[in-house]
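Welcome! Take a moment to turn the model around on your screen, and then let us walk through it together.

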Amino acid sequence: MKKRRGRPPKYDATEALEGALQVFWRKGLTATSLDDLAESMKMNRPSIYAAFGDKVSIYRKAFAQFANQLGKELDAILNDGAPLQDAMLRFYGQALETYLLKDESLGCFATCTAPVESLAHPDVQDDLKILIARIDSQLERRLLRAQEDGDWPIDRDVQPTAKLLHAALQSLAIRARGGEARETLVDFYYATVKMLC
């Protein structure tokens, strides 16, 4: 006798988490209601709980999905064979396009939502630490490669420079969220690349 299979879920987990991410990005974890999530994820409450858990769990799953996608995009931009300055200008330019998506000043999902939740939710703080370390590491590897290629001075310190480049990315996100004009944000990241790269 054949075993009956359970019904396949009527939702796409990736799409549902993308919907959750969009509402968390605009409202943050605390201000997002379950009704907001039900609407953005196109699921009813019981289905959301069954598939993803409580609101913090949903946020963390959306954060993980965002971090994985971000990591892939950064790898593609930083390792496309372009000289260091060109790669970094593209890195910041792509970030700014995301921060100002559809003419909304959203900033970065992680930078603009996770820090405020970190003290109340240590797991969110851990997620943020991991993402920060991952981006630092990606930038360090790119700088090391630039040194090996003779594209960046060998006597420059890789680790602090990577952190400064990352700090500029975070500042770009916050400034975008705060409504700073695109033109001044572009000037900001061009100056950053000129000084550090």
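Let us start with a contact between two side chains: Asp 123 forms a salt bridge with Arg 60, and their closest N and O atoms are 3.7 Å apart. Because Asp 123 sits in helix H7 and Arg 60 in helix H4, the pair ties together parts that are 63 residues apart in sequence. Please keep in mind that this is a predicted model.

Arg 60 has another partner, Asp 127, with the closest N and O atoms 2.7 Å apart. Asp 127 also lies in helix H7, so this pair links parts that are 67 residues apart in sequence. Through shared partners, the salt bridges join Arg 60, Asp 123 and Asp 127 into one network.

Elsewhere, Asp 35 and Arg 45 form a salt bridge with a closest N to O distance of 2.9 Å. Here Asp 35 belongs to helix H2 and Arg 45 to helix H3, so parts 10 residues apart in sequence are tied together. In total, the count comes to seven salt bridges.

Now for the largest pocket, which has a volume of about 510 Å³. Its lining is made up of 30 residues, and Trp 25, Phe 66, Leu 70, Glu 73 and Thr 98 lie nearest its centre. Helix H4 gives the largest share of this lining, seven residues. By type, the lining residues divide into 19 nonpolar, nine polar and two charged.

Technical notes: Residues are numbered from 1 along each chain as its sequence is written. This is a predicted model: local features need pLDDT of at least 70, side-chain atom pairs count only at pLDDT 80 or more; totals for chains, interfaces and linings use all residues. Side-chain values use heavy atoms; hydrogens and water are left out. On a 1 Å grid over the protein atoms alone, a cavity is a set of points where a 1.4 Å probe fits but cannot get out, and a pocket is an open set with protein on both sides within 12 Å along at least five of seven lines; lining residues have an atom within 4 Å of a point. Grid points are joined across faces, edges and corners, and a volume is the space filled by probe spheres set on the points. Helices (H or I, at least four residues) and strands (E, at least two) are DSSP runs, numbered from the N terminus. Ala, Val, Leu, Ile, Met, Phe, Trp, Tyr, Cys and Pro count as nonpolar, Asp, Glu, Lys and Arg as charged, and the others, Gly among them, as polar. A salt bridge is a side-chain nitrogen of Lys or Arg within 4 Å of a carboxyl oxygen of Asp or Glu.
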